[in-house]
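Here is a set of questions and answers to work through with the model open beside you. Try each question yourself before reading on.

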Amino acid sequence: MNQNDTITAISTGLSEAGISIVRISGRQAFEIADKVVKLAAGTLIAKAESHRIYYGHVFDQGTLVDEVLVSVFRAPKSYTAENTVEINCHGGVVVTRRVLQTVIWAGARPAEPGEFTKRAFLNGRIDLTKAEAVMDVIRAQSEYALQNSISQLQGAIYGKMQDLRQKILYQAAFIESVLDDPEHYRMEDAGQPLGEVVGSLISEMEELISSFQNGRLLKEGIKTVILGRPNAGKSSLLNVLTGEEKAIVTEVAGTTRDVVEQSVMIHGIMLQIMDTAGIRDTDDQVEKIGVNRAKELAAQADLILYVVDASEPLNESDDEILSILGTQNVIVVLNKNDMEPVISQTVLEDELRKRKMDAYPVVSISAKHRNGIDLLENKIKELFFEGNLSFNNQVFLTSERQKQAVMQAKESLLHVREGIRIQLSEEFLTADLMNAYEQLGLVIGEALDEDLADEIFKQFCMGK
Ligand SMILES: Nc1nc2c(ncn2[C@@H]2O[C@H](COP(=O)(O)OP(=O)(O)OP(=O)(O)O)[C@@H](O)[C@H]2O)c(=O)[nH]1
Ligand SMILES: [Mg+2]
């Protein structure tokens, strides 16, 4: 792909709408736009003032295509930092494609997905974390995911990386000065303060690495699996949480077989909820597959809602369910509290204590009468993000790529710490410090190789 080409794409969604935008970016953007648009003012786009909108018409070899508004952005003050023109045409599918085609005939090349943002990155207008944030803003499915992406776009991760790198560089420079001036400094004295700084950098990195889990949950939603024995009210719970009659509810035990999945917002957090087949020992082939699927999903869940039927005693199916609960977050949902209880909340809590599972909170509800649902929702919020969802200053890593690089950087600092302990010679310490520095540079896209850049931007949408 040639960076000198002038590129074009439809930047809005291709469906019937008020307007669509065809974006053109590159050295020839103004000349190409002048070939297809006649401004009513009679001026050329190439001569037009930047950051203004002009009224005009698109012509395809003399034939009128559409009446448009054209925004002009002169380099470097544009999204891509190149000359950019945005043609706002009528938002029909045919007319928008026609405008795009006309621009291509006039000499622009169709852009690859994410190519505008890639150019913004290659031209140094944004770093890689901000480029990634652009896509996250577009894809944000909840208020909090959006807030987090916006703060990343404003430079939260970038700032954090630069701060860490600054501190590392300072230590490397300090070692250099010790080496340069052995009469006044001695490495034996410098080892301890260096070790302390490195230790605190390591903890900052560990915090970042563990923030990735929350970053991922914000972005993708909390994978929530409803488990319980047949007839406990799992499907009823799904329906209550989503506010839809999505899953079939009957008094027949073994109603749900396939997994029913639905996303729902709870207090601004997105949950991907999966209702599963009731767990029991069964000879029914179909049901058996459903039960196995439920167990597999439970193993990968971020949150398990274990539904217990309060109107009947616990049985061996409950034993089995309890035996598969592991390190996931679990909330025990005591359902049917509108009925004469066979198991009260206290009895259930005693049972859990006996099995050393009393760390799991118990919430009593009635899915049928919608009692206690707010308690359950609050409990879910509490379990994640420490119930605290304000992102004022916390930085979340949001991509596996960022996490891997920070982990590598931490690894290098562990080497430094060990090096100080065994009194390695200074060059080794400096080399490991600089490794950490470079790894953090990868997060913001420094020295990014072309294949990896292509790989990252390919995942973007068309026209961005
Ligand atoms: N009284 C009462 N009945 C409920 C409550 N929740 C569910 N039920 C009833 O319990 C029966 C089973 O409900 P479902 O939601 O289908 O249960 P399930 O756990 O999905 O069952 P399977 O899909 O068969 O595993 C239905 O008759 C529901 O109306 C509740 O809170 N109170
Ligand atoms: Mg069901």
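## Finding your way around

With 23 C-beta neighbours inside 10 Å, Leu-100 counts as buried (buried takes 20 or more other C-beta atoms within 10 Å of a residue's own, exposed 12 or fewer, partly exposed anything in between, with C-beta atoms placed from the backbone). You're looking at a predicted model, where local features need pLDDT of at least 70, side-chain atom pairs count only at pLDDT 80 or more, and totals for chains, interfaces and linings use all residues. Residues are numbered from 1 along each chain as its sequence is written, while chains are lettered from A and ligands numbered from 1 in the order in which they are written.

Q: In which helix does Leu-100 lie?
A: Helices here are DSSP runs (H or I, at least four residues) and strands are too (E, at least two), numbered from the N terminus. The run that holds Leu-100 covers residues 93-105. That is helix α2.

Q: Leaving aside neighbours within four places in sequence, which residues is Leu-100 in contact with?
A: A contact means that two C-beta atoms, placed from the backbone, lie within 7 Å. Thr-8 sits 92 residues from Leu-100 along the chain, yet their C-alpha atoms are separated by 7.4 Å. With neighbours up to four places away left out, the contacts of Leu-100 are Thr-8, Ile-10 and Val-22.

Q: Is Arg-98 buried, exposed or partly exposed?
A: Arg-98 has its place in helix α2. Its count is 18 C-beta neighbours inside 10 Å. So Arg-98 is partly exposed.

Q: Is Leu-64 buried or exposed?
A: You'll find Leu-64 in strand β5. Leaving aside neighbours within four places in sequence, Leu-64 is in contact with His-57 and Phe-59. Leu-64 has 10 C-beta neighbours inside 10 Å, so the label is exposed.

Q: How far apart are the C-alpha atoms of Arg-401 and Val-95?
A: Arg-401 is found in helix α13, and with 18 C-beta neighbours inside 10 Å it counts as partly exposed. Along the chain, Arg-401 and Val-95 are 306 residues apart. Their C-alpha atoms are separated by 40 Å.

Q: Are α13 and α14 roughly parallel or antiparallel to each other?
A: Axes are lines fitted to C-alpha atoms, for helices over the stretch in contact, and angles run from 0 to 180 degrees between N-to-C directions. The axes of α13 (residues 400-421) and α14 (residues 426-443) come within 8 Å and cross at roughly 170 degrees. Under 35 degrees counts as roughly parallel, over 145 as roughly antiparallel, 65 to 115 as roughly perpendicular and the rest as oblique. The two helices are therefore roughly antiparallel.

Q: Is Gln-423 buried or exposed?
A: Gln-423 lies in the loop between α13 and α14. Phi of Gln-423 is near 55 degrees, a positive value in a residue other than glycine. Most residues other than glycine have a negative phi. With 11 C-beta neighbours inside 10 Å, Gln-423 counts as exposed.

Q: Where does Lys-356 lie?
A: Lys-356 isn't a glycine, but its phi is positive, about 60 degrees. With 7 C-beta neighbours inside 10 Å, Lys-356 counts as exposed. Its place is the loop between α11 (345-354) and β13 (362-364).

Q: Is the peptide bond from Ala-75 to Pro-76 cis or trans?
A: Pro-76 is found in the loop between β5 (63-73) and β6 (84-91). Most peptide bonds are trans. The bond from Ala-75 to Pro-76 has omega near 0 degrees, and that is cis.

Q: Which residues come nearest to ligand 1?
A: There are 24 residues around ligand 1 (each with its C-beta atom, placed from the backbone, within 6 Å of it). They divide into 7 nonpolar, 12 polar and 5 charged. The nearest are Gly-233, Ser-235, Thr-256, Gly-278 and Lys-368.

How values were computed
Nonpolar A, V, L, I, M, F, W, Y, C, P; charged D, E, K, R; others polar.
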